[in-house]
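Below is a short report on a ligand site and the strands behind the fold. Look at the ligand first, then follow the chain into the sheet.

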Amino acid sequence: MSQTLLRLEGLTAGYHGQPVINDLSVRVDRGEIVALLGANGAGKTTTLKTITGLIRPQAGRVLFDGAVIHDWPPHRIARRGLVLVPEGRRLFPRLSVQENVELGAYSVAGRPSEPGLVEEIIRKFPVIQERSRQLAATLSGGEQQVVAILRALMASPKVVLLDEPSLGLAPRPVRQVFEVIARLKEQGLGVLLVEQNVRLALGIAQRAYVLEGGRIVAEGSAASLADSELVRRAYLRSSG
Ligand code: ATP
């Protein structure tokens, strides 16, 4: 049986008939973190919108878990087990941590979760469990990002798409968030990690794709990309 969960084949998509991403071919396997790297405006968010069904491709296909999904409505894609943790976390600040996680079930299935599922998910993350009754607004940025990831787990996903999880976080909370991302992989999920912070992303991913102007300009193992001239010149300059 193929280990590939998500596959983009020659994907072209954009807005008002104008392509923003061109001919992307990307794959995410079970138990693998794949980074999608690129500067502002490279087309990373547009790629995620196309995968999650918010934008219809102009050409190419999206396959997930054995099905061609690019013409499915977003809720059907999410129900199949492909979920997005959006940029900026989007928690409800006046609801508790537990309530925020619980809402993950509504957003996918439109109904309350299985009894005990929220507690089961939260229990695995002691830092969050200790704070489960606090208002989300009282958590640090890193903790809020972890809550946003746990909310996505309520959908029992096979693949999680993460849009800029390190955005606005200091190094220590970033480490906390990335430890949680590593655990998703250990649980056998596929992770597509969209990041502007190339050094961080290549530190956690097994493979990566580099997007420039809506096209893939480099791809390969994280180690080979970290060594590549193109990536070092364009994204890792401060390392010398
Ligand atoms: P960022 O990290 O800044 O979000 P990105 O790599 O995610 O960058 P996209 O958000 O996918 O890039 O944007 C790629 C291009 O598509 C940009 O030129 C942007 O102006 C354009 N674009 C994004 N959203 C829309 C929209 N709703 N309508 C028209 N053009 C858009």
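The shell around the ligand divides into four nonpolar, six polar and two charged residues. Here Ala, Val, Leu, Ile, Met, Phe, Trp, Tyr, Cys and Pro count as nonpolar, Asp, Glu, Lys and Arg as charged, and the others, Gly among them, as polar. The shell consists of Tyr15, Val20, Ala39, Asn40, Gly41, Ala42, Gly43, Lys44, Thr45, Thr46, Glu164 and Gln196; a residue belongs if one of its heavy atoms lies within 4 Å of the ligand. Helix H1 (residues 44-51) gives the largest share, three residues. Helices (H or I, at least four residues) and strands (E, at least two) are DSSP runs, numbered from the N terminus.

This is a predicted model: local features need pLDDT of at least 70, side-chain atom pairs count only at pLDDT 80 or more, and totals for chains, interfaces and linings use all residues. Residues are numbered from 1 along each chain as its sequence is written, and side-chain values use heavy atoms, with hydrogens and water left out.

| Residue | Protein atom | Ligand atom | Distance |
|---|---|---|---|
| Gly43 | polar backbone atom | oxygen | 2.8 Å |
| Thr45 | backbone N or O | oxygen | 2.7 Å |
| Gln196 | side-chain N or O | oxygen | 3.2 Å |

On its own, the ligand has 630 Å² of accessible area, and the protein covers 59% of this. Such areas come from the Shrake-Rupley method with a 1.4 Å probe.

Now the sheet. Is strand E7 (residues 159-163) enclosed or open? Five of its five residues are buried, so E7 is largely enclosed by the rest of the structure. Buried means under 20% relative accessible area (1.4 Å probe, protein chains only). In a regular strand the side chains alternate between the two faces of the sheet. In E7, Val159, Leu161 and Asp163 point one way, and Val160 and Leu162 the other.

E7 pairs with strand E6 (residues 82-85) in the parallel sense over four bridges; pairing takes at least two DSSP bridges. Leu82 has Val159 as its bridge partner. Strand E8 (residues 190-195) also runs parallel to E7, joined by five bridges. Val160 stands opposite Val191 there. From E7 the chain crosses through helix H7 (residues 171-186) to E8 in a right-handed β-α-β crossover: with the strands pointing away from the viewer, the path from the first strand over the helix to the second runs clockwise.

Leu91 sits in the loop between E6 and helix H3 (97-109). Leu91 is buried, at 15% relative accessible area. Its C-alpha is 7.0 Å from that of Ala136, 45 residues apart in sequence.

Methods. A polar contact is a pair of N or O atoms within 3.5 Å; within protein, one must be able to donate a hydrogen and the other to accept it, and residues adjacent in sequence count only if both atoms are side-chain atoms. Buried means under 20% relative accessible area, exposed over 50%, partly exposed in between (1.4 Å probe, protein chains only).
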